[in-house]
Protein chains: 2
Amino acid sequence: MSNHKITGVFSAATTPLNADGSPDVGLFTEHCKRLIEEGCHGVALLGTTGEANSFSMGERRMLLEAALKAGISPDKLLPGTGVAAIPETIELTKHALSLGVTKVVMLPPFYYKGVSDDGLFNAYSAILEGVNDSRLQVILYHIPQVSGIPLSVPLIGRLVEAFPDTIVGIKESAGDFNNMQAIIAAYPGFSVLCGADPLLLPLLKAGGAGCITATSNLVADSLRTVYDHVHDEAQTAKVDAAQARINGYRTLSNSYVQIPTIKAMVGLKTGNAGWKRTRPPLVALTDAEYAALAEGYAQLP
Amino acid sequence: MSNHKITGVFSAATTPLNADGSPDVGLFTEHCKRLIEEGCHGVALLGTTGEANSFSMGERRMLLEAALKAGISPDKLLPGTGVAAIPETIELTKHALSLGVTKVVMLPPFYYKGVSDDGLFNAYSAILEGVNDSRLQVILYHIPQVSGIPLSVPLIGRLVEAFPDTIVGIKESAGDFNNMQAIIAAYPGFSVLCGADPLLLPLLKAGGAGCITATSNLVADSLRTVYDHVHDEAQTAKVDAAQARINGYRTLSNSYVQIPTIKAMVGLKTGNAGWKRTRPPLVALTDAEYAALAEGYAQLP
């Protein structure tokens, strides 16, 4: 795996909110630092799990700046910068670079559906030409069940060929293992990172580069165990146990709508019920759901 | 129909671009003024056909300001202000109001899919509370094939009940006539405006309030004929002929991807091929497509 430009366990960090709906910046940076301490190679803040597209441009810039001010190295931050409008994707990406943050996770423009590969290629090209910074490393973001915009294997190839030093990986959040294998086979050295925690172990065995997952908000240590020891046959039992623990958390997080549930579980882990809050259109768990979740959570290893 | 707060023929105006991809402001305002002259009661700028979500917040504000500066009355402008992030929807809506523009077309937050009616109700409530201006009149925007977010009949009812003076209508762009009839039956006085031109005549007969359509960029005069004379039995032949003309333009515009095709047709109408340009992820027609389109266009009445 050493040929991957980006490899590791990255957390799709959740974003806590104050009672008035604004980001709880102190709690957010505390959370990001804990994720690093627990074993994440980096924090992929401001993604789908982080409710980034529910925040304004100003809020997004502020959260990235706060993570840096809290002492997290720019090398360990991978913000989401892809929005619907190309000029704003350029602006957010340039902002990250201005702070020394060179790795970003980039959604395609996601308002229009059924757009062609030519259109998506043109969009990413326009963004990269607009940013025009050789330091930039982009992780494409394939999450068609949310964005509505699949990134096809041929499109990835066109982008890698046109921008070999910049388009370095993909977050595959469709959870389609065949798709991950197809991308690995087609583009050696290109980093495939899974969004679904249960696929970390099989993906690493198949030549993938790691993960950017939601469950890492809860069990980063186990994800790191899988990542560090996957190729050590003497550690198979330990690795399998870690993956099983991850899968248990993931299953519980799917009991209700995933993002509010992950947030509620972070609250249960840290003893801070403020984590339950979400920004509309997401809805926080009901008290009854939270109580049932707490019972399930108490039984996890 | 006199009980509708918003009624008429409104154009989902297209937005021309300069060669560098920036909005061609002069050509845009000229187009908006022509739409009014040709019979539109108002211009619903910055919607899906207008590629609004491909423009930055700054570009959106600038285009609305330019339309006003060009002399169009604020009463005749209905900008789209709904984006993925609630704070930015509030900001765009307040900006419109600050200019005296009180009617807006508002998408729900459209990044997350499969969100609940509770979540959408909370989102619209948070927006209206954030804007907090009694002058505001909102046309909800139901275009699930693009936004991915249907607005259900019960959700509309909850919003109308909670905000009776503000939530005054819906742009129904799914093209589902049964859905339009269900909304009319459920909420008398609530303005149902169709997005599909062929439905204007049947919708008006069924108690609808009018339309916000793409083909109005080309045949506003015919749409106005339908609107003005629908209830005059002596004019049935004239009205039917106008609707047939509209339908011919609509059919041709569906020969290729609709938005680039509508833009190209405006170019053919006005003799300005610059109208062909689109912003990624949309793709302009190829030269061959444009040539074939021009042949078809020349045969339209």
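Two strands pair if DSSP finds at least two bridges between them. Helices (H or I, at least four residues) and strands (E, at least two) are themselves DSSP runs, numbered from the N terminus. The legends below apply these terms to a predicted model, in which local features need pLDDT of at least 70, side-chain atom pairs count only at pLDDT 80 or more, and totals for chains, interfaces and linings use all residues. Residues are numbered from 1 along each chain as its sequence is written, while chains are lettered from A and ligands numbered from 1 in the order in which they are written.

**Figure 1. Strands β1 and β7 of chain B run parallel.**
Strand β1 (residues 8–11) of chain B is joined by four bridges to strand β7 (residues 210–213) of chain B. Opposite G8(B) stands G210(B) in β7(B). Both strands belong to an open sheet of seven strands in chain B, with the order β2-β1-β7-β6-β5-β4-β3 and parallel pairing. The edges of this sheet are β2 (42–43) and β3 of chain B, each of which pairs on one side only.

**Figure 2**
A residue is buried if 20 or more other C-beta atoms lie within 10 Å of its own, exposed if 12 or fewer, and partly exposed in between, with C-beta atoms placed from the backbone. Four bridges link β3(B) to β4(B) in the parallel sense. The bridge partner of K103(B) in β4(B) is Q137(B).

**Figure 3. Chain A also has an open sheet of seven parallel-paired strands.**
The strand order in chain A is β2-β1-β7-β6-β5-β4-β3. Its edge strands are β2 and β3 (103–106) of chain A, each pairing on one side only. Elsewhere in the sheet, strand β6 (residues 191–194) of chain A pairs with strand β7 (residues 210–213) of chain A in the parallel sense over two bridges. L193(A) stands opposite G210(A) in β7(A).

**Figure 4. L45(A) is one of the residues that touch the most other members of the largest nonpolar core.**
A nonpolar core is a set of buried Ala, Val, Leu, Ile, Met, Phe, Trp, Tyr and Cys residues joined through C-beta atoms within 7 Å. The largest such core holds 195 residues, and V43(A), L45(A), I139(A), V43(B), L45(B) and I139(B) touch the most other members. Two residues are in contact if their C-beta atoms, placed from the backbone, lie within 7 Å. Not counting residues up to four places away in sequence, L45(A) touches A13(A), C32(A), G50(A), L63(A), L64(A), A67(A), L77(A) and P79(A). In soluble globular proteins, nonpolar side chains tend to be buried together.

**Figure 5. L46(A) and N132(B) have positive phi values.**
Most residues other than glycine have a negative phi, and most peptide bonds are trans. Phi of L46(A) is near 60°; this residue lies in the loop between β2 (42–43) and α2 (57–69) of chain A. L46(A) counts as buried because 30 C-beta neighbours lie inside 10 Å. N132(B), which is not a glycine, has a phi of about 50° and lies in the loop between α4 (117–131) and β4 (137–142) of chain B. N132(B) is exposed, with 10 other C-beta atoms within 10 Å.

**Figure 6. A cis peptide bond joins P280(A) to P281(A).**
Omega of this bond is near 15°. P281(A) lies in the loop between α11 (258–270) and α12 (287–298) of chain A. In chain B, the bond between P280(B) and P281(B) is cis, with omega about 15°.

**Figure 7. Chains A and B meet in a contact of 32 residues from chain A and 31 residues from chain B.**
On the side of chain A that touches chain B, the elements giving two or more residues are α3 (86–98), α4 (117–131) and α5 (144–147) of chain A. The largest share, six residues, comes from α4(A). Chain A can be laid on chain B with an RMSD of 0.0 Å by a turn of 180° and a shift of 0.0 Å along the axis, the copies being superposed by least squares on the C-alpha atoms of residues with pLDDT of at least 70 in both. That is the relation of a two-fold axis. The same surface serves both copies, as 97% of the contact residues of chain A recur in chain B.
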